[in-house]
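Visitor: Hello! I am new to this structure; could you walk me through it?
Guide: Gladly, let us take a look together.

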Amino acid sequence: MSELEALRSIINESLDILQDELKAANLPDLFVSKPEMHPLDDLTYLQTPRLFETRRILLGACRMLAAAVQPPTEKIIEEGWAHQRSQALHMACKYNVAGVLAQSAVDQDKGVDAETLAKRFGLSPDPFKREMRMLASHHYFRETSEGHFANNRISMSLVPPNVAPYGIEYIAVWGLKTAHCVVDSMPINEWRTGGQLAYGFDTDMFTFIAKHPEYLSMMVSAMSGLYESQANGLTTGRHFPWKDLPPGTVVVDVGGGEGGLMMAVGKAFPHLKVLDQDRPEVGPAALANWQKHAPELLAQGRISFEPHNFFQPQPRSGAEYVYVMRCIIHDWPHEESVTILNNLRNAMLPSSRLLIVEHVIYPPIMPKEKTPLLLANIDNNQPYKEISTPWPMPNGPQVLELAHDIEMFCNFKAKERTPAEWDSLLGECGLKVVKIWSTRTEFSIVEIMLA
Ligand SMILES: C[S@@+](CC[C@H](N)C(=O)[O-])C[C@H]1O[C@@H](n2cnc3c(N)ncnc32)[C@H](O)[C@@H]1O
């Protein structure tokens with residue numbers, strides 16, 4: 001069978017399974033053009049294991065099919081222009097174009113002409129129209145007739161308070177400038193990160209952005225929105241068995257930020273207490289977050305904040321503690337990561353567990369054997385586990401996870417890790433992996449104990 005034939009059959013079979021899964025979950029078929037969100041677009045929606053895997057495989061197969069069909073030079077040049085798309089999305093978000101087009105006065109069949117929209121935003125009509133047209137050609141909006149634009153399902157996710165606009169602001173403003181310097185940051189003797197070269201600072205990034213409220217708020221909004229929406233997928237008992245932890249266990253979130261993950265854990269598991277450790281200046285924001293979103297946890301005394309510097313010894317040691325770190329180690333170069341992990345290792349007992357929640361990278365290796373499509377074998381009543389990708393698709397596809405990996409290099413000369421890289425780093429710190437739990441989010445949970 002040729003690659004093209006194999007991809008055709010993967011796509012056909014996966015589409016059938018996708019539609020069956022949607023039907024079984026009482027969900028409408030997926031679509032692009034209608035100006036409304038699909039229930040699956042709610043980032044807190046927890047998909048069945050088979051639905052999640054089917055979408056993952058289908059997307060990978062469609063991307064590979066496009067690579068087979070598109071002339072290679074065209075693909076290379078098209079993707080090289082990706083920054084234009086990113087800036088067009090930035091324009092759409094900055095002026096809340098999708099929000100304006102979602103107003104009830106807008107005729108969704110006709111849309112609004114670019115000139116009216118541009119005037120409202122104080123922009124030149126012709127370039128505005130052309131930016132919108134480019135977005136429409138990538139299915140972000142609809143061009144309903146020449147120069148008239150309306151929302152579709154994709155642009156509806158650009159309407160605040162959905163999290164996508166905050167992500168785009170970070171990517172198109174901060175991320176673009178740091179990415180521009182990434183190649184210059186790669187020579188062996190260049191110690192500076194892409195971010196340091198781009199913005200001209202020589203401290204770590206957290207120190208720099210703490211002094212620049214415009215970047216700080218951009219990052220906090222992008223991270224908290226995206227991270228919070230993943231909490232549901234991380235706290236389901238189907239992944240790490242939180243529910244089996246003994247009553248009274250205290251989950252210590254090291255570098256827990258505004259405490260979103262701990263709030264989700266505390267709400268989902270009433271037998272647990274949660275403790276958020278972070279830099280002292282983060283405490284008031286965490287408290288305000290819980291007062292607003294989880295006053296009951298505060299009243300029950302099950303959630304609290306403790307100032308702690310993770311470069312200092314971990315003060316909480318004992319059988320009642322489970323440690324969590326989400327998106328911490330990936331922010332630090334090797335030496336600092338070892339220090340942070342050693343501080344935790346020194347506090348851990350043989351029975352202790354450390355849960356690192358990060359993007360685990362599975363390299364996109366081409367399959368040597370002809371793995372069949374295994375979607376139909378997935379049992380929705382069993383815990384979620386990634387299936388091997390069918391031939392001829394490479395392992396993965398992990399487009400988002402790998403983008404985060406490069407972003408960690410741009411910002412910190414840090415990284416996301418493969419399972420082998422986790423073994424190596426943890427081994428250096430007297431720790432070892434118990435299990436890597438896949439979740440139906442972009443994160444995995446790496447369960448760790450003393451070696
Ligand atoms: C990427 S955020 C992750 C926040 C949180 N774990 C989450 O997933 O939502 C990194 C966190 O590390 C914290 N941090 C940075 N340096 C720290 C230090 N030396 N000690 C403790 N926390 C620190 C920051 O304040 C920030 O909250």
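This is a predicted model: local features need pLDDT of at least 70, side-chain atom pairs count only at pLDDT 80 or more; totals for chains, interfaces and linings use all residues.

Visitor: Is the crossing of H4 and H7 left-handed or right-handed, and which residues of H7 make the contact?
Guide: H4 passes H7 in a left-handed crossing. On the H4 side, the contact is made by Gln84, Arg85, Ala88, Leu89, Met91 and Ala92. Their partners on H7 are Phe128, Glu131, Met132, Met134 and Leu135.

Visitor: By class, how many residues in the contact of H4 with H7 are nonpolar?
Guide: Let us sort them by class. One residue of this contact is polar and two are charged. The nonpolar residues number eight.

Visitor: H7 also meets H6. At what angle do their axes cross?
Guide: H6 covers residues 114-121, and H7 covers residues 125-137. Their axes come within 9 Å of each other, and the crossing angle is roughly 115 degrees. That makes H6 roughly perpendicular to H7.

Visitor: Which residues of H7 touch H6, and is the crossing left-handed or right-handed?
Guide: From H6, the contact is made by Ala114, Glu115, Leu117, Ala118 and Phe121. H7 contributes Pro125, Phe128 and Lys129. By class, this contact has six nonpolar, no polar and two charged residues. As for handedness, H6 passes H7 in a crossing that is right-handed.

Visitor: Now to another pair. Is H9 roughly perpendicular or oblique to H12?
Guide: H12 spans residues 213-235, and its axis lies 7 Å from that of H9. The two helices pack at an angle of about 135 degrees. An angle over 145 would count as roughly antiparallel, and 65 to 115 as roughly perpendicular. The angle here therefore makes H9, relative to H12, oblique.

Visitor: Which residues of H12 make the contact with H9?
Guide: H9 passes H12 in a left-handed crossing. By class, the contact residues divide into nine nonpolar, two polar and one charged. From H9 come Tyr166, Gly167, Glu169, Tyr170, Val173 and Trp174. From H12 come Tyr215, Met218, Met219, Ser221, Ala222 and Met223.

Visitor: Where is proline 161, and is its bond to proline 160 cis or trans?
Guide: Proline 161 sits in the loop between helix H8 (153-156) and helix H9 (164-180). The omega of the bond joining proline 160 and proline 161 is about 10 degrees. That peptide bond is cis.

Visitor: What is the phi of asparagine 96?
Guide: Asparagine 96 is found in the loop between helix H4 (82-94) and helix H5 (97-101). Its phi is positive, in a residue other than glycine. The value is near 50 degrees.

Visitor: How far apart are the C-alpha centres of domain 2 and domain 4?
Guide: The protein is divided into domain 1 (3-74), domain 2 (91-156), domain 3 (164-227) and domain 4 (230-361 + 398-450). Between domain 2 and domain 4, the C-alpha centres are separated by 41 Å.

Technical notes. Residues are numbered from 1 along each chain as its sequence is written. Side-chain values use heavy atoms; hydrogens and water are left out. Axes are lines fitted to C-alpha atoms, for helices over the stretch in contact, and angles run from 0 to 180 degrees between N-to-C directions. Helices (H or I, at least four residues) and strands (E, at least two) are DSSP runs, numbered from the N terminus. Angles under 35 degrees count as roughly parallel, over 145 as roughly antiparallel, 65 to 115 as roughly perpendicular and the rest as oblique. A crossing is left-handed if the near helix is turned anticlockwise from the far one by less than a right angle, and right-handed if clockwise. Contact means heavy atoms within 4.5 Å. Ala, Val, Leu, Ile, Met, Phe, Trp, Tyr, Cys and Pro count as nonpolar, Asp, Glu, Lys and Arg as charged, and the others, Gly among them, as polar. Domain bounds come from an automatic or database domain assignment.
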